[in-house]
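Please look at the sequence and the structure below. The paragraphs that follow take up a set of paired strands and then the surroundings of the ligand.

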Amino acid sequence: MKIAIIGGGISGLSLAWYLLKKDSSLDVSVYEGMKRPGGKIFTDSFSGYLIESGVNGFLDNRPMTIELARELGLSPLRSNDSARRRFIYTGGRLRKLPESPISFIKSDLMTLKGKTRLALEYFTPKTVVEDESLSEFAARRLGREAYEKLIEPMALGIYAGDGEKLSLRSCFPKIYNLESIYGGLIKGMLKMKKTSAGPGGVLTSFYSGMQVIVEALTDNLKGKINIAHNAVSIEKNGDVGYRVNFDNNISINPDVLVMATPAHNAAKIFNGFDSNISAELNKIPYPYLVVVATAFHKDNIRSNINGFGYLIPTKEGRKILGSLWDSSIFPDRAPKDSILIRSMLGGAKSGEDFAHLNDKEIKDLVLNELSDIIGIKGEPDILKIYRHEKAMPQYNIGHIGILERLNSIVSNYKGLYLHGNAYKGIGVNDCIENSFNLAERIINQQ
Ligand SMILES: Cc1cc2nc3c(=O)[nH]c(=O)nc-3n(C[C@H](O)[C@H](O)[C@H](O)COP(=O)(O)OP(=O)(O)OC[C@H]3O[C@@H](n4cnc5c(N)ncnc54)[C@H](O)[C@@H]3O)c2cc1C
(Lines give C-alpha, C1' and ligand atoms only; values in the text may rest on other atoms or scores of the structure.)
Protein backbone atom coordinates (compact mmCIF):
# COMPACT_ATOMS: atom_id res chain seq x y z
CA MET A 1 0.00 0.00 0.00
CA LYS A 2 1.47 3.34 -1.12
CA ILE A 3 0.73 6.32 1.13
CA ALA A 4 1.51 9.84 -0.10
CA ILE A 5 1.46 12.81 2.27
CA ILE A 6 1.37 16.19 0.54
CA GLY A 7 2.92 18.89 2.77
CA GLY A 8 5.99 18.47 4.97
CA GLY A 9 5.06 20.72 7.90
CA ILE A 10 4.92 19.25 11.40
CA SER A 11 1.54 17.66 10.52
CA GLY A 12 2.84 15.78 7.47
CA LEU A 13 6.16 14.80 9.07
CA SER A 14 4.67 13.56 12.34
CA LEU A 15 1.99 11.61 10.45
CA ALA A 16 4.71 9.81 8.44
CA TRP A 17 6.55 9.08 11.69
CA TYR A 18 3.49 7.56 13.41
CA LEU A 19 2.46 5.52 10.35
CA LEU A 20 5.91 3.96 10.17
CA LYS A 21 6.09 3.51 13.91
CA LYS A 22 2.85 1.56 13.83
CA ASP A 23 3.84 -0.47 10.75
CA SER A 24 7.41 -0.16 9.45
CA SER A 25 6.52 -2.13 6.30
CA LEU A 26 4.28 0.67 4.98
CA ASP A 27 5.38 2.54 1.85
CA VAL A 28 5.08 6.16 3.07
CA SER A 29 6.38 9.26 1.25
CA VAL A 30 6.10 12.95 2.10
CA TYR A 31 6.04 15.54 -0.71
CA GLU A 32 6.98 19.08 0.30
CA GLY A 33 6.65 22.00 -2.09
CA MET A 34 9.50 24.08 -0.66
CA LYS A 35 13.23 23.30 -0.55
CA ARG A 36 13.03 22.59 3.17
CA PRO A 37 10.50 20.71 5.29
CA GLY A 38 9.00 22.23 8.44
CA GLY A 39 6.42 24.69 7.09
CA LYS A 40 5.76 27.37 9.71
CA ILE A 41 8.55 26.00 11.89
CA PHE A 42 11.89 27.59 11.01
CA THR A 43 14.59 28.74 13.42
CA ASP A 44 16.99 31.36 12.10
CA SER A 45 20.41 31.46 13.72
CA PHE A 46 23.12 34.09 13.21
CA SER A 47 25.63 36.26 15.16
CA GLY A 48 24.68 34.70 18.49
CA TYR A 49 20.90 35.15 17.97
CA LEU A 50 18.39 32.33 17.73
CA ILE A 51 15.16 33.58 16.20
CA GLU A 52 11.93 31.72 15.53
CA SER A 53 10.53 33.02 12.25
CA GLY A 54 7.15 31.51 13.12
CA VAL A 55 6.34 28.86 15.73
CA ASN A 56 7.74 29.72 19.14
CA GLY A 57 7.02 26.53 21.06
CA PHE A 58 4.27 24.32 22.47
CA LEU A 59 2.54 24.00 25.82
CA ASP A 60 3.64 21.15 28.10
CA ASN A 61 0.14 20.41 29.44
CA ARG A 62 -0.58 17.86 26.71
CA PRO A 63 1.77 14.89 26.47
CA MET A 64 2.10 14.00 22.76
CA THR A 65 4.71 16.55 21.59
CA ILE A 66 6.93 15.86 24.58
CA GLU A 67 6.56 12.11 24.04
CA LEU A 68 7.38 12.47 20.34
CA ALA A 69 10.43 14.59 21.22
CA ARG A 70 11.66 11.91 23.64
CA GLU A 71 11.08 9.14 21.06
CA LEU A 72 13.29 11.18 18.72
CA GLY A 73 15.98 11.46 21.42
CA LEU A 74 15.41 15.19 22.03
CA SER A 75 15.31 17.03 25.36
CA PRO A 76 12.44 19.50 25.58
CA LEU A 77 13.28 22.83 27.24
CA ARG A 78 10.70 24.54 29.44
CA SER A 79 10.64 28.32 29.31
CA ASN A 80 12.25 30.29 32.15
CA ASP A 81 10.13 30.84 35.27
CA SER A 82 10.15 34.59 34.55
CA ALA A 83 8.17 33.86 31.36
CA ARG A 84 5.07 33.26 33.53
CA ARG A 85 4.94 37.08 33.77
CA ARG A 86 2.70 38.14 30.88
CA PHE A 87 1.53 41.67 30.22
CA ILE A 88 -1.36 43.48 28.57
CA TYR A 89 -0.80 46.99 27.19
CA THR A 90 -3.80 49.03 28.21
CA GLY A 91 -4.44 52.64 29.14
CA GLY A 92 -1.04 53.56 27.70
CA ARG A 93 1.12 51.18 29.76
CA LEU A 94 2.00 47.55 30.42
CA ARG A 95 0.02 45.85 33.17
CA LYS A 96 0.76 42.38 34.47
CA LEU A 97 -1.78 39.69 33.70
CA PRO A 98 -2.84 38.24 37.05
CA GLU A 99 -1.82 34.61 37.65
CA SER A 100 -4.32 33.78 40.44
CA PRO A 101 -7.77 34.90 41.62
CA ILE A 102 -6.16 36.85 44.52
CA SER A 103 -3.75 38.69 42.22
CA PHE A 104 -6.68 39.35 39.88
CA ILE A 105 -8.59 41.09 42.67
CA LYS A 106 -5.53 43.22 43.52
CA SER A 107 -4.54 43.88 39.91
CA ASP A 108 -5.02 47.23 38.14
CA LEU A 109 -5.63 45.52 34.80
CA MET A 110 -9.41 45.88 35.08
CA THR A 111 -11.62 48.48 36.71
CA LEU A 112 -13.70 47.56 39.78
CA LYS A 113 -16.80 47.67 37.57
CA GLY A 114 -15.19 45.29 35.06
CA LYS A 115 -14.09 42.90 37.83
CA THR A 116 -17.56 42.92 39.39
CA ARG A 117 -19.18 42.21 36.03
CA LEU A 118 -16.77 39.32 35.54
CA ALA A 119 -17.51 37.89 38.99
CA LEU A 120 -21.26 37.94 38.20
CA GLU A 121 -20.51 35.27 35.60
CA TYR A 122 -21.04 32.78 38.43
CA PHE A 123 -24.73 33.73 38.56
CA THR A 124 -25.28 33.96 34.79
CA PRO A 125 -27.58 31.11 33.73
CA LYS A 126 -26.34 28.55 31.24
CA THR A 127 -27.43 29.13 27.64
CA VAL A 128 -25.76 26.75 25.27
CA VAL A 129 -25.42 28.44 21.90
CA GLU A 130 -24.47 26.20 18.98
CA ASP A 131 -21.93 28.63 17.49
CA GLU A 132 -21.10 32.19 18.54
CA SER A 133 -18.16 34.57 18.34
CA LEU A 134 -15.79 35.21 21.23
CA SER A 135 -17.21 38.73 21.61
CA GLU A 136 -20.83 37.47 21.67
CA PHE A 137 -19.90 34.89 24.29
CA ALA A 138 -18.11 37.50 26.38
CA ALA A 139 -21.02 39.96 26.09
CA ARG A 140 -23.35 37.24 27.40
CA ARG A 141 -21.22 36.06 30.31
CA LEU A 142 -18.20 38.25 31.10
CA GLY A 143 -18.76 41.86 30.07
CA ARG A 144 -17.07 44.08 27.49
CA GLU A 145 -14.04 44.97 29.59
CA ALA A 146 -13.13 41.32 30.19
CA TYR A 147 -13.51 40.74 26.46
CA GLU A 148 -11.18 43.62 25.57
CA LYS A 149 -8.51 42.92 28.18
CA LEU A 150 -8.57 39.13 28.56
CA ILE A 151 -10.40 37.34 25.74
CA GLU A 152 -9.41 39.43 22.73
CA PRO A 153 -5.67 39.37 23.60
CA MET A 154 -5.88 35.56 23.87
CA ALA A 155 -7.43 35.45 20.37
CA LEU A 156 -4.67 37.74 19.08
CA GLY A 157 -1.91 35.74 20.73
CA ILE A 158 -3.01 32.37 19.38
CA TYR A 159 -4.87 33.15 16.13
CA ALA A 160 -3.87 36.74 15.29
CA GLY A 161 -7.64 36.65 14.92
CA ASP A 162 -10.68 38.86 15.12
CA GLY A 163 -12.68 38.08 18.26
CA GLU A 164 -15.84 39.39 16.61
CA LYS A 165 -15.55 36.56 14.05
CA LEU A 166 -13.68 33.69 15.73
CA SER A 167 -15.94 30.87 16.92
CA LEU A 168 -15.69 30.16 20.65
CA ARG A 169 -16.62 26.52 20.17
CA SER A 170 -14.05 25.90 17.41
CA CYS A 171 -11.20 27.96 18.90
CA PHE A 172 -11.60 27.32 22.62
CA PRO A 173 -13.68 24.16 23.05
CA LYS A 174 -12.60 23.87 26.70
CA ILE A 175 -14.20 27.24 27.52
CA TYR A 176 -17.32 26.25 25.56
CA ASN A 177 -17.48 23.03 27.60
CA LEU A 178 -17.16 24.86 30.92
CA GLU A 179 -20.54 26.41 30.18
CA SER A 180 -22.18 23.43 28.47
CA ILE A 181 -21.03 20.86 31.08
CA TYR A 182 -20.74 22.84 34.34
CA GLY A 183 -23.10 25.74 33.66
CA GLY A 184 -20.43 28.47 33.61
CA LEU A 185 -16.72 29.30 33.60
CA ILE A 186 -16.33 30.02 37.32
CA LYS A 187 -18.48 27.02 38.30
CA GLY A 188 -16.45 24.77 35.98
CA MET A 189 -13.12 26.10 37.21
CA LEU A 190 -14.18 25.58 40.85
CA LYS A 191 -15.30 22.01 40.07
CA MET A 192 -12.07 21.26 38.23
CA LYS A 193 -9.94 23.09 40.85
CA LYS A 194 -8.43 25.28 38.10
CA THR A 195 -7.49 28.94 38.45
CA SER A 196 -7.69 29.88 34.78
CA ALA A 197 -9.96 29.08 31.86
CA GLY A 198 -7.11 29.81 29.38
CA PRO A 199 -4.96 27.21 27.62
CA GLY A 200 -2.62 26.77 30.65
CA GLY A 201 0.67 24.85 30.56
CA VAL A 202 4.24 26.06 30.26
CA LEU A 203 5.70 27.14 26.92
CA THR A 204 8.26 24.57 25.87
CA SER A 205 10.77 24.32 23.01
CA PHE A 206 14.31 23.00 22.52
CA TYR A 207 17.65 24.60 23.39
CA SER A 208 18.36 25.22 19.68
CA GLY A 209 14.78 26.15 18.83
CA MET A 210 11.77 24.44 17.27
CA GLN A 211 13.72 23.59 14.11
CA VAL A 212 15.29 20.75 16.12
CA ILE A 213 12.13 18.62 16.01
CA VAL A 214 11.81 19.11 12.24
CA GLU A 215 15.45 18.08 11.74
CA ALA A 216 15.05 15.00 13.96
CA LEU A 217 11.93 13.90 12.07
CA THR A 218 13.65 14.57 8.73
CA ASP A 219 16.68 12.48 9.77
CA ASN A 220 14.44 9.63 10.89
CA LEU A 221 12.43 9.77 7.66
CA LYS A 222 15.52 9.77 5.42
CA GLY A 223 14.69 8.73 1.85
CA LYS A 224 10.96 9.26 2.46
CA ILE A 225 10.80 13.06 2.13
CA ASN A 226 10.77 14.61 -1.33
CA ILE A 227 11.44 18.35 -1.21
CA ALA A 228 10.70 20.82 -4.04
CA HIS A 229 7.65 18.73 -5.01
CA ASN A 230 4.85 21.26 -5.31
CA ALA A 231 1.56 19.41 -5.92
CA VAL A 232 -0.63 21.17 -8.48
CA SER A 233 -3.49 18.77 -9.15
CA ILE A 234 -4.95 15.36 -8.36
CA GLU A 235 -7.07 12.90 -10.30
CA LYS A 236 -8.70 9.54 -9.59
CA ASN A 237 -6.56 6.65 -10.74
CA GLY A 238 -9.05 3.92 -11.69
CA ASP A 239 -11.41 2.63 -9.00
CA VAL A 240 -8.91 2.80 -6.16
CA GLY A 241 -6.14 5.25 -5.68
CA TYR A 242 -5.13 8.68 -6.92
CA ARG A 243 -2.76 10.40 -9.26
CA VAL A 244 -0.94 13.48 -7.94
CA ASN A 245 0.77 15.84 -10.38
CA PHE A 246 3.64 18.10 -9.31
CA ASP A 247 4.94 21.25 -10.98
CA ASN A 248 8.24 19.49 -11.80
CA ASN A 249 6.34 17.20 -14.24
CA ILE A 250 6.54 14.24 -11.87
CA SER A 251 3.37 12.28 -11.07
CA ILE A 252 2.76 9.63 -8.43
CA ASN A 253 -0.02 7.06 -7.99
CA PRO A 254 -0.68 6.46 -4.28
CA ASP A 255 -3.44 4.22 -2.86
CA VAL A 256 -3.84 6.56 0.11
CA LEU A 257 -3.54 10.32 -0.23
CA VAL A 258 -3.24 12.70 2.74
CA MET A 259 -3.48 16.41 1.99
CA ALA A 260 -1.47 18.03 4.81
CA THR A 261 -1.03 21.48 3.26
CA PRO A 262 -2.75 24.65 4.49
CA ALA A 263 -6.42 24.74 3.37
CA HIS A 264 -5.85 27.47 0.76
CA ASN A 265 -3.14 25.37 -0.95
CA ALA A 266 -5.31 22.24 -0.77
CA ALA A 267 -8.19 24.22 -2.33
CA LYS A 268 -6.06 24.88 -5.45
CA ILE A 269 -4.92 21.27 -5.72
CA PHE A 270 -8.50 19.94 -5.41
CA ASN A 271 -9.92 22.42 -7.91
CA GLY A 272 -10.16 20.17 -10.97
CA PHE A 273 -10.93 17.11 -8.81
CA ASP A 274 -13.93 18.18 -6.74
CA SER A 275 -14.86 21.84 -6.73
CA ASN A 276 -17.09 21.34 -3.67
CA ILE A 277 -14.02 20.42 -1.59
CA SER A 278 -12.19 23.52 -2.91
CA ALA A 279 -15.18 25.75 -2.21
CA GLU A 280 -15.33 24.66 1.45
CA LEU A 281 -11.54 24.90 1.91
CA ASN A 282 -11.56 28.43 0.48
CA LYS A 283 -13.96 29.48 3.25
CA ILE A 284 -11.14 29.16 5.82
CA PRO A 285 -9.37 32.56 5.84
CA TYR A 286 -5.63 33.02 6.46
CA PRO A 287 -4.58 36.58 7.37
CA TYR A 288 -1.27 38.24 6.56
CA LEU A 289 1.16 38.38 9.49
CA VAL A 290 4.62 39.86 9.87
CA VAL A 291 7.06 38.83 12.58
CA VAL A 292 9.74 41.46 13.22
CA ALA A 293 12.74 40.47 15.32
CA THR A 294 14.76 43.30 16.87
CA ALA A 295 17.52 43.33 19.47
CA PHE A 296 18.79 46.15 21.69
CA HIS A 297 21.46 46.48 24.34
CA LYS A 298 19.67 46.30 27.69
CA ASP A 299 20.76 49.89 28.49
CA ASN A 300 18.81 51.09 25.45
CA ILE A 301 15.42 49.97 26.78
CA ARG A 302 13.56 51.91 29.48
CA SER A 303 11.22 49.08 30.60
CA ASN A 304 12.31 46.07 32.56
CA ILE A 305 12.13 43.34 29.92
CA ASN A 306 11.65 40.38 32.20
CA GLY A 307 8.75 38.15 31.24
CA PHE A 308 6.94 36.63 28.32
CA GLY A 309 5.95 39.83 26.56
CA TYR A 310 2.68 41.66 26.00
CA LEU A 311 -0.44 41.72 23.87
CA ILE A 312 -2.37 44.82 22.90
CA PRO A 313 -6.18 45.06 22.84
CA THR A 314 -7.46 46.56 19.56
CA LYS A 315 -9.08 49.40 21.48
CA GLU A 316 -5.62 50.83 22.25
CA GLY A 317 -5.26 51.66 18.55
CA ARG A 318 -1.62 50.53 18.28
CA LYS A 319 -0.14 49.18 15.07
CA ILE A 320 1.53 46.06 16.48
CA LEU A 321 -0.42 43.16 18.01
CA GLY A 322 2.17 42.66 20.73
CA SER A 323 5.75 41.51 21.32
CA LEU A 324 7.46 38.45 22.74
CA TRP A 325 10.59 38.95 24.83
CA ASP A 326 12.43 35.94 23.46
CA SER A 327 15.70 36.46 25.34
CA SER A 328 13.81 36.34 28.61
CA ILE A 329 11.66 33.32 27.64
CA PHE A 330 14.41 30.83 26.74
CA PRO A 331 18.14 30.85 27.58
CA ASP A 332 20.85 31.89 25.10
CA ARG A 333 18.57 33.36 22.45
CA ALA A 334 20.76 36.48 22.20
CA PRO A 335 24.33 37.52 23.14
CA LYS A 336 24.93 38.67 26.73
CA ASP A 337 23.19 41.98 27.60
CA SER A 338 21.26 41.93 24.33
CA ILE A 339 17.45 41.83 24.50
CA LEU A 340 15.72 39.97 21.68
CA ILE A 341 12.15 41.07 20.97
CA ARG A 342 9.79 39.68 18.34
CA SER A 343 6.83 41.89 17.44
CA MET A 344 3.78 40.85 15.42
CA LEU A 345 1.99 43.00 12.86
CA GLY A 346 -1.10 42.26 10.81
CA GLY A 347 -3.61 39.54 11.59
CA ALA A 348 -7.29 39.20 10.78
CA LYS A 349 -8.30 42.74 11.78
CA SER A 350 -5.86 44.60 9.56
CA GLY A 351 -6.55 42.72 6.34
CA GLU A 352 -3.72 43.18 3.87
CA ASP A 353 -2.68 46.62 5.27
CA PHE A 354 0.87 45.56 6.08
CA ALA A 355 1.39 43.43 2.96
CA HIS A 356 1.91 46.64 0.98
CA LEU A 357 4.57 48.11 3.26
CA ASN A 358 8.21 47.74 2.26
CA ASP A 359 10.87 46.67 4.76
CA LYS A 360 11.87 50.26 5.61
CA GLU A 361 8.25 51.18 6.35
CA ILE A 362 7.82 48.07 8.54
CA LYS A 363 11.07 48.89 10.37
CA ASP A 364 10.05 52.51 11.06
CA LEU A 365 6.62 51.47 12.22
CA VAL A 366 7.89 48.80 14.64
CA LEU A 367 10.62 51.02 16.09
CA ASN A 368 8.09 53.80 16.70
CA GLU A 369 5.79 51.39 18.46
CA LEU A 370 8.59 49.93 20.60
CA SER A 371 9.75 53.42 21.47
CA ASP A 372 6.28 54.34 22.77
CA ILE A 373 5.52 51.05 24.51
CA ILE A 374 8.79 49.91 26.12
CA GLY A 375 11.00 52.95 25.54
CA ILE A 376 13.69 51.68 23.17
CA LYS A 377 16.41 54.16 22.19
CA GLY A 378 18.38 54.34 18.95
CA GLU A 379 18.91 51.82 16.20
CA PRO A 380 18.51 48.10 16.95
CA ASP A 381 21.57 45.83 16.93
CA ILE A 382 19.70 43.57 14.51
CA LEU A 383 16.36 43.76 12.72
CA LYS A 384 14.91 40.91 10.73
CA ILE A 385 11.51 40.73 9.04
CA TYR A 386 9.67 37.44 8.44
CA ARG A 387 6.55 37.79 6.32
CA HIS A 388 3.83 35.12 6.53
CA GLU A 389 1.63 35.81 3.55
CA LYS A 390 -1.03 33.43 4.79
CA ALA A 391 -0.28 32.81 8.45
CA MET A 392 -2.77 30.89 10.56
CA PRO A 393 -6.20 29.49 9.68
CA GLN A 394 -9.10 31.35 11.24
CA TYR A 395 -11.73 29.17 12.89
CA ASN A 396 -14.49 31.71 12.38
CA ILE A 397 -18.20 31.26 13.07
CA GLY A 398 -19.35 28.56 10.66
CA HIS A 399 -16.09 26.56 10.94
CA ILE A 400 -18.01 23.62 12.44
CA GLY A 401 -20.30 23.59 9.39
CA ILE A 402 -17.31 23.71 7.01
CA LEU A 403 -15.79 20.66 8.76
CA GLU A 404 -19.09 18.76 8.65
CA ARG A 405 -19.51 19.39 4.92
CA LEU A 406 -15.87 18.54 4.18
CA ASN A 407 -16.17 15.29 6.15
CA SER A 408 -19.27 14.27 4.31
CA ILE A 409 -17.73 14.99 0.86
CA VAL A 410 -14.28 13.55 1.55
CA SER A 411 -15.67 10.36 3.10
CA ASN A 412 -17.00 9.47 -0.40
CA TYR A 413 -13.40 9.09 -1.58
CA LYS A 414 -11.76 5.97 -0.19
CA GLY A 415 -8.22 6.56 1.02
CA LEU A 416 -8.41 10.37 0.90
CA TYR A 417 -7.75 12.41 4.07
CA LEU A 418 -7.41 16.09 5.00
CA HIS A 419 -4.82 16.87 7.66
CA GLY A 420 -3.04 19.90 9.13
CA ASN A 421 -3.83 22.80 11.40
CA ALA A 422 -6.71 24.17 9.30
CA TYR A 423 -9.32 21.88 10.80
CA LYS A 424 -9.29 20.72 14.40
CA GLY A 425 -6.63 22.54 16.41
CA ILE A 426 -4.22 25.22 15.29
CA GLY A 427 -1.19 24.48 17.50
CA VAL A 428 1.75 22.10 17.26
CA ASN A 429 0.26 19.90 20.02
CA ASP A 430 -2.98 19.59 18.01
CA CYS A 431 -1.09 18.75 14.79
CA ILE A 432 0.88 15.99 16.52
CA GLU A 433 -2.12 14.52 18.37
CA ASN A 434 -4.14 14.58 15.14
CA SER A 435 -1.26 12.82 13.34
CA PHE A 436 -1.21 10.06 15.94
CA ASN A 437 -4.97 9.53 15.61
CA LEU A 438 -4.98 9.77 11.82
CA ALA A 439 -2.19 7.18 11.52
CA GLU A 440 -4.35 4.74 13.49
CA ARG A 441 -7.41 5.55 11.33
CA ILE A 442 -5.51 5.06 8.06
CA ILE A 443 -4.09 1.72 9.18
CA ASN A 444 -7.49 0.49 10.43
CA GLN A 445 -9.36 1.59 7.31
CA GLN A 446 -7.10 -0.08 4.74
C1 LIG B 1 3.84 33.25 12.88
C2 LIG B 1 3.28 31.97 13.45
C3 LIG B 1 3.57 31.62 14.75
C4 LIG B 1 3.06 30.46 15.30
N5 LIG B 1 3.42 30.13 16.57
C6 LIG B 1 2.97 28.98 17.10
C7 LIG B 1 3.44 28.58 18.39
O8 LIG B 1 4.24 29.24 19.04
N9 LIG B 1 2.94 27.42 18.89
C10 LIG B 1 2.08 26.61 18.19
O11 LIG B 1 1.67 25.57 18.70
N12 LIG B 1 1.65 26.96 16.95
C13 LIG B 1 2.08 28.11 16.39
N14 LIG B 1 1.68 28.47 15.13
C15 LIG B 1 0.75 27.58 14.41
C16 LIG B 1 1.59 26.59 13.56
O17 LIG B 1 1.54 27.02 12.25
C18 LIG B 1 1.11 25.15 13.65
O19 LIG B 1 1.09 24.75 14.94
C20 LIG B 1 1.94 24.15 12.85
O21 LIG B 1 3.26 24.52 12.63
C22 LIG B 1 1.24 23.92 11.53
O23 LIG B 1 1.81 22.82 10.92
P24 LIG B 1 1.19 22.18 9.62
O25 LIG B 1 2.09 21.11 9.19
O26 LIG B 1 -0.24 21.83 9.83
O27 LIG B 1 1.17 23.37 8.53
P28 LIG B 1 2.40 24.14 7.88
O29 LIG B 1 3.47 24.36 8.83
O30 LIG B 1 1.80 25.32 7.20
O31 LIG B 1 2.95 23.11 6.79
C32 LIG B 1 2.29 22.86 5.57
C33 LIG B 1 3.34 22.48 4.55
O34 LIG B 1 2.68 22.23 3.29
C35 LIG B 1 3.54 22.69 2.26
N36 LIG B 1 2.75 22.89 1.02
C37 LIG B 1 1.85 23.87 0.77
N38 LIG B 1 1.35 23.71 -0.49
C39 LIG B 1 1.95 22.62 -1.01
C40 LIG B 1 1.83 21.95 -2.26
N41 LIG B 1 1.03 22.39 -3.23
N42 LIG B 1 2.61 20.85 -2.48
C43 LIG B 1 3.44 20.39 -1.51
N44 LIG B 1 3.59 20.99 -0.31
C45 LIG B 1 2.85 22.09 -0.06
C46 LIG B 1 4.09 23.99 2.84
O47 LIG B 1 5.24 24.41 2.14
C48 LIG B 1 4.36 23.59 4.28
O49 LIG B 1 5.65 23.08 4.45
C50 LIG B 1 2.20 29.62 14.53
C51 LIG B 1 1.90 29.98 13.21
C52 LIG B 1 2.44 31.13 12.67
C53 LIG B 1 2.14 31.48 11.24
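Two strands count as paired if DSSP finds at least two bridges between them, and the strands themselves (E, at least two residues), like the helices (H or I, at least four residues), are DSSP runs numbered from the N terminus. This is a predicted model, in which local features need pLDDT of at least 70 and side-chain atom pairs count only at pLDDT 80 or more, while totals for chains, interfaces and linings use all residues. Residues are numbered from 1 along each chain as its sequence is written, and side-chain values use heavy atoms, with hydrogens and water left out.

Strand E17 (residues 320–324) pairs with strand E18 (residues 338–346) in the antiparallel sense over four bridges, and here Gly-322 stands opposite Met-344. Strand E16 (residues 309–311) also runs antiparallel to E17, joined to it by three bridges, with Tyr-310 facing Ser-323. Five of the five residues of E17 are buried, that is, under 20% relative accessible area with a 1.4 Å probe and protein chains only.

Turning to the ligand, its shell includes residues from both domain 1 (2–38 + 210–285 + 394–445) and domain 2 (78–82 + 287–388), so the ligand lies between them; these bounds come from an automatic or database domain assignment. Helix H1 (10–22) and strand E15 (289–297) are among the elements that each supply at least two residues of this shell. Among the polar contacts (pairs of N or O atoms within 3.5 Å), a side-chain atom of Ser-11 lies 2.7 Å from a ligand oxygen, and a side-chain N or O atom of Asn-230 is 3.1 Å from a ligand nitrogen.

Terms used
Buried < 20%, exposed > 50% of the residue type's maximum accessible area, 1.4 Å probe, protein only. Polar contact = N/O pair within 3.5 Å; in protein donor to acceptor, adjacent residues only side chain to side chain.
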